[in-house]
Amino acid sequence: MAESIRVENVSKTFTLRYHRTFKQVTVAMMKGRDVSDTFKALDDVSFSVEQGESIGLMGLNGSGKSTLLKLVNGIMRPDEGSVLTRGRIAGLIATGAGFHPQLSGRENVFLNAAILGMSEAETKRKFDAIVDFADIGRFLDTPVGNYSSGMFARLGFAVAIHVDSDIFLADEVLAVGDRPFKKKCLEKMEEVRDSGVTLFYVSHAAASVQRMCNRVIVLEKGVVGFDGDVDQGIKYLGYDDGDTDSELDETDELEDDEISGDI
């Protein structure tokens, strides 16, 4: 079977700047304080993914998951090493990524689809299915800048999941949204996975990773701590006590209640 993703000895370093203005930097330097620092988000990461595999990318906050996903997607380049991918990549790596806040939902469907590599003809052909999946009703022709985070997620995921791709990336795509929407997203991703598309799924929810994936990669402070069986990976991370998913569900419900007054 052909390789879909190959990550070889990848490292990515970021610079933290403690002061914004020239005056602040000058004062800090005069007082002998640090004005910046660096940290490695990823440190010599290597693995390969076969076409059709479903990978659950897990790890605590700050472990480098989103950085790795952006490197795979081509949004960033590694400082060291290489990331090779085969075929078209689609997915949702940030809620509302690629949306213009002043354009309507309808206009953003075409804009976001174009960013993901869909032609105008392809988008028109799939438009009704995208809108039906997003289920945002009369707000389709409202500027997306007025949308709640849940509606951003609905529309963004609806576009991404309808792209004909070889690799589908999903970064905490189910972190915002009500239970029926989450259920619909999982069912749709299962369809995509079963069609032979490579799935790269970032989530803290052990139950959904067990449902969606046949392999888990755990990142720890930028390095691969575990790569293998799903249940063993969840146990390695300490997410096998059953509390994690319930806590996330409660948080999601609270967020939905808090934003229910938005469009």
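Which backbone nitrogen lies 3.0 Å from a polar atom of the side chain of Thr-198? That of Gly-52.

This is a predicted model: local features need pLDDT of at least 70, side-chain atom pairs count only at pLDDT 80 or more, and totals for chains, interfaces and linings use all residues. Residues are numbered from 1 along each chain as its sequence is written, and side-chain values use heavy atoms, with hydrogens and water left out.

**Thr-198**

Thr-198 sits in strand S7 (residues 198-202); strands are DSSP runs of E, at least two residues, and helices are runs of H or I, at least four, numbered from the N terminus. Thr-198 is buried, at 0% relative accessibility (buried means under 20% relative accessible area, with a 1.4 Å probe and protein chains only). Its side chain also makes a polar contact of 3.0 Å with the side chain of Ser-4 (a pair of N or O atoms within 3.5 Å; within protein, one must be able to donate a hydrogen and the other to accept it, and residues adjacent in sequence count only if both atoms are side-chain atoms).

**Aromatic rings**

The whole structure has 9 aromatic pairs (ring centres within 6.5 Å; planes under 30 degrees apart are stacked, over 60 edge-to-face, the rest tilted).

| Pair | Centres | Planes | Type |
|---|---|---|---|
| Phe-157 and Phe-168 | 6.2 Å | 80° | edge-to-face |
| Phe-157 and Phe-181 | 6.4 Å | 80° | edge-to-face |

Phe-157 lies in helix H5 and Phe-181 in helix H6 (residues 179-194), so the pair ties together parts 24 residues apart in sequence. Phe-157 and Phe-168 are both buried. Phe-181 is buried too, at 1%. Phe-133, Phe-157, Phe-168 and Phe-181 form one aromatic cluster.

Note on methods:
Buried < 20%, exposed > 50% of the residue type's maximum accessible area, 1.4 Å probe, protein only. Phe/Tyr/Trp six-rings, centres within 6.5 Å; stacked < 30°, edge-to-face > 60°.
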